[in-house]
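Colleague: Before I plan around this model, could we go through how a few of its features are read?

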Amino acid sequence: MFPVESILAKPLFTREDIIYLLNTTEKERLLLFEKAKETKAAFVGKKVYFRGLIEYSNYCKKNCYYCGIRAGNSRYARYRMTDGEVLDAVNYAYQNDYASIVIQSGEQTNQPFVRKIESLLNRIDRQTSGKIHVTLSLGEQSGETYRRWFEAGAQRYLLRIEVSNPTLYPKLHPDNQTHSYKNRLEALKTLRTVGYQVGTGVMIGLPFQSVSDLADDLIFFRDFDIDMAGMGPYIAHADTPLYQYRDELLPLKSRFDLSLKMVAILRIMMKNINIAATTAMQTIDPQGREKALMVGANVIMPNLTPVKYRQDYLLYENKPCLDEEAEECKSCLEARIHIAGDVIGYGEWGDSKHFTDRKA
Ligand code: SAM
Ligand code: SF4
């Protein structure tokens with residue numbers, strides 16, 4: 001019997017167990033993936049839910065050291081999609097039975113932005129007779145803004161903690177009030193209080209990050225009792241301060257392997273949450289998203305952003321599918337999901353079971 005088998009049989013992993021699992025290789029690693037696959041089939045089934053991704057704007061007031069669209073990067077033309085473009089993308093999702101969309105953007109907190117999102121949410125609700133569920137990923141906002149958007153129809157919110165270690169956080173962000181770990185954590189708590197299905201996540205393979213930090217990230221998710229997770233490898237971007245550490249990073253293959261293990265372990269730890277197969281995984285491995293689905297992920301985000309904006313929403317280098325229109329993206333993902341042995345939950349919201357069970 002392999003040591004991993006006794007760990008996988010435990011009802012609750014310790015920090016040491018998680019570190020062991022993150023370091024598994026060969027046969028032990030495959031046993032971990034097998035267990036995650038079984039857990040997914042038993043608790044959330046073989047359905048994969050689509051969230052049509054709308055990269056609404058690359059204006060951002062922040063300067064996270066890892067991100068290509070940080071305020072300090074003047075290389076990209078800044079854009080904001082028009083209402084018509086957003087509503088067309090929503091209509092595409094609606095007509096194609098996606099049932100859910102994600103509106104993501106650089107962080108903006110000014111009142112015109114807050115009102116614009118509120119009005120778009122109202123229009124999306126009217127245009128689809130409430131049939132589309134909306135996830136927002138618009139960064140840290142005040143409690144009042146989160147409430148307004150919730151009341152206007154948003155059901156889910158994604159705000160990655162990025163790293164759960166408070167001493168690592170200031171090494172990856174400017175050390176000031178706008179980028180404070182404490183505020184990030186408070187924002188996550190506020191989202192929960194307002195009533196959203198709350199998603200968070202981390203980047204994997206960042207400079208200064210250790211395997212035990214990643215184990216702590218998974219424990220953070222469990223303690224916070226999250227409903228959804230989005231995790232992926234960190235990928236360097238030449239126009240960012242962290243680029244200077246590119247030669248000290250884990251090789252891309254190891255970052256990818258760790259990301260797969262993070263997905264698999266999280267699925268076993270939090271059996272009925274939603275976990276995204278993220279685009280960053282495909283950046284490293286052409287079959288990255290299928291592999292993530294095979295080890296526990298159950299959500300995928302087909303990109304609905306108009307192609308003309310994609311070159312200006314480069315969070316990291318080599319982002320895939322930059323020239324793929326919504327239709328091509330859909331057929332490509334259908335094939336990928338089929339390869340992974342899953343089916344698409346067309347017309348279903350695919351809300352987090354963890355959330356609905358907690359509410360019940
Ligand atoms: N501005 C919002 C926020 O930060 O929450 C939402 C958009 S932000 C671009 C979405 C996510 O992109 C971040 O949470 C971060 O984890 C990820 N990201 C940014 N730069 C990245 C990089 N270089 N490699 C991998 N992921 C990255
Ligand atoms: Fe802005 Fe989000 Fe990028 Fe940070 S991660 S710079 S908040 S878009």
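**Reading burial, packing and cores**

Modeller: In this predicted model, Lys330 has a relative accessible area of 13%, and because buried means under 20%, Lys330 counts as buried.

Colleague: Where is Lys330 found, and which residues is it in contact with, leaving aside its neighbours within four places in sequence?

Modeller: Lys330 belongs to helix H14, residues 326-339, and, with those neighbours left aside, it is in contact with Tyr92, Asn96, Tyr98 and Tyr346.

Colleague: At what angle do helices H4 and H5 pack, and is their crossing left-handed or right-handed?

Modeller: H4 (residues 83-95) and H5 (residues 111-127) pack at about 35°, their axes being 11 Å apart, and the crossing is right-handed. From H4, Asp83, Val86, Leu87, Val90, Asn91 and Tyr94 meet Lys116, Leu120, Arg123, Ile124 and Gln127 of H5, a contact whose residues divide into 6 nonpolar, 2 polar and 3 charged.

Colleague: Which residues touch the most other members of the largest nonpolar core, and why does that core lie between two domains?

Modeller: A nonpolar core is a set of buried residues joined through side-chain atoms within 4.5 Å, and in the largest one, of 111 residues, Leu136, Trp149, Tyr196 and Phe221 touch the most other members. Helix H10, residues 252-269, gives the most to this core, with 10 residues. The core lies between domain 1 (1-30) and domain 2 (42-359) because both give residues to it. Apart from it there is another core, of 5 residues, including Leu53, Val102, Ala276 and Val299.

How values were computed
Residues are numbered from 1 along each chain as its sequence is written. Chains are lettered from A and ligands numbered from 1 in the order in which they are written. This is a predicted model: local features need pLDDT of at least 70, side-chain atom pairs count only at pLDDT 80 or more; totals for chains, interfaces and linings use all residues. Side-chain values use heavy atoms; hydrogens and water are left out. Axes are lines fitted to C-alpha atoms, for helices over the stretch in contact, and angles run from 0 to 180 degrees between N-to-C directions. Helices (H or I, at least four residues) and strands (E, at least two) are DSSP runs, numbered from the N terminus. A crossing is left-handed if the near helix is turned anticlockwise from the far one by less than a right angle, and right-handed if clockwise. Contact means heavy atoms within 4.5 Å. Ala, Val, Leu, Ile, Met, Phe, Trp, Tyr, Cys and Pro count as nonpolar, Asp, Glu, Lys and Arg as charged, and the others, Gly among them, as polar. Buried means under 20% relative accessible area, exposed over 50%, partly exposed in between (1.4 Å probe, protein chains only). Domain bounds come from an automatic or database domain assignment.
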